[in-house]
Amino acid sequence: QVQLVESGGGLVQAGDSLRLSCTASGYTFTKYAMGWFRQAPGKDREFVAAVNWNGGNTIYADSVKGRFTISRDNTNTVYLQMNSLKPEDTALYYCATGFYLVAEAGPYVYWGQGTQVTVSS
């Protein structure tokens, strides 16, 4: 059974940093791309960042380029380092896994339950 469990969210002030983690189980982690998406209240889910199967390629949403960094290690975990956080980064953050390194949500097959990030001004 595939499981993705996010952690690391919280309440921070603008300009602070947070590191989100997503631990995967139930499948061969190293064969698949991993992505982070977020959804703010009243808005559609949007792409944040993704990394390919071996960590060699990454893609980012324009809104987070230069502030967020996605990475993965050999312990079935993908990370999202978020620096210089802004109030508009407030959202429920989800990790997802899929076959392809893409920014669209559709190709991602499995999703976690999300971790809340709230940035106060």
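These legends walk through a predicted model, from the whole chain down to single residues.

Residues are numbered from 1 along each chain as its sequence is written. Because the model is predicted, local features need pLDDT of at least 70 and side-chain atom pairs count only at pLDDT 80 or more, while totals for chains, interfaces and linings use all residues, and side-chain values use heavy atoms, with hydrogens and water left out.

View 1. Helices (H or I, at least four residues) and strands (E, at least two) are DSSP runs, numbered from the N terminus. Going along the sequence, you read β-β-β-β-β-β-β-β-β-β-β. The radius of gyration is 13 Å, close to the 14 Å from the globule rule for 121 residues, so the protein is as compact as a globular protein of that length. That radius is taken over C-alpha atoms, and the rule is 2.2 Å times the number of residues to the power 0.38. Along its principal axes, the C-alpha trace spans about 40 × 25 × 25 Å.

**View 2. The surface of the protein exposes about 6,300 Å².** Carbon and sulfur atoms supply 47% of that area, which comes from the Shrake-Rupley method with a 1.4 Å probe; for residues, only the protein chains shown count as cover. Of the 121 residues, 40% count as buried. Here buried means under 20% relative accessible area, exposed over 50%, and partly exposed in between (1.4 Å probe, protein chains only).

**View 3. Cysteine 22 and cysteine 95 form a disulfide.** A search of the whole structure turns up 1 disulfide, defined as a pair of cysteine sulfur atoms within 2.5 Å. In this pair the sulfur atoms sit 1.9 Å apart, and the link is right-handed, with 45 degrees about the S-S bond. Cysteine 22 lies in strand β3 (residues 18-25) and cysteine 95 in strand β9 (residues 91-98), so the pair ties together parts that are 73 residues apart in sequence. Cysteine 22 is buried at 0% relative accessibility, and cysteine 95 is buried at 0% too.

**View 4. Alanine 91 lies in strand β9.** At 2% relative accessibility, alanine 91 counts as buried. Leaving aside neighbours within four places in sequence, alanine 91 is in contact (heavy atoms within 4.5 Å) with Arg38, Gln39, Ala40, Thr115, Gln116 and Val117. Glycine 114 is 23 residues from alanine 91 in sequence, and their C-alpha atoms are 9.5 Å apart in space.
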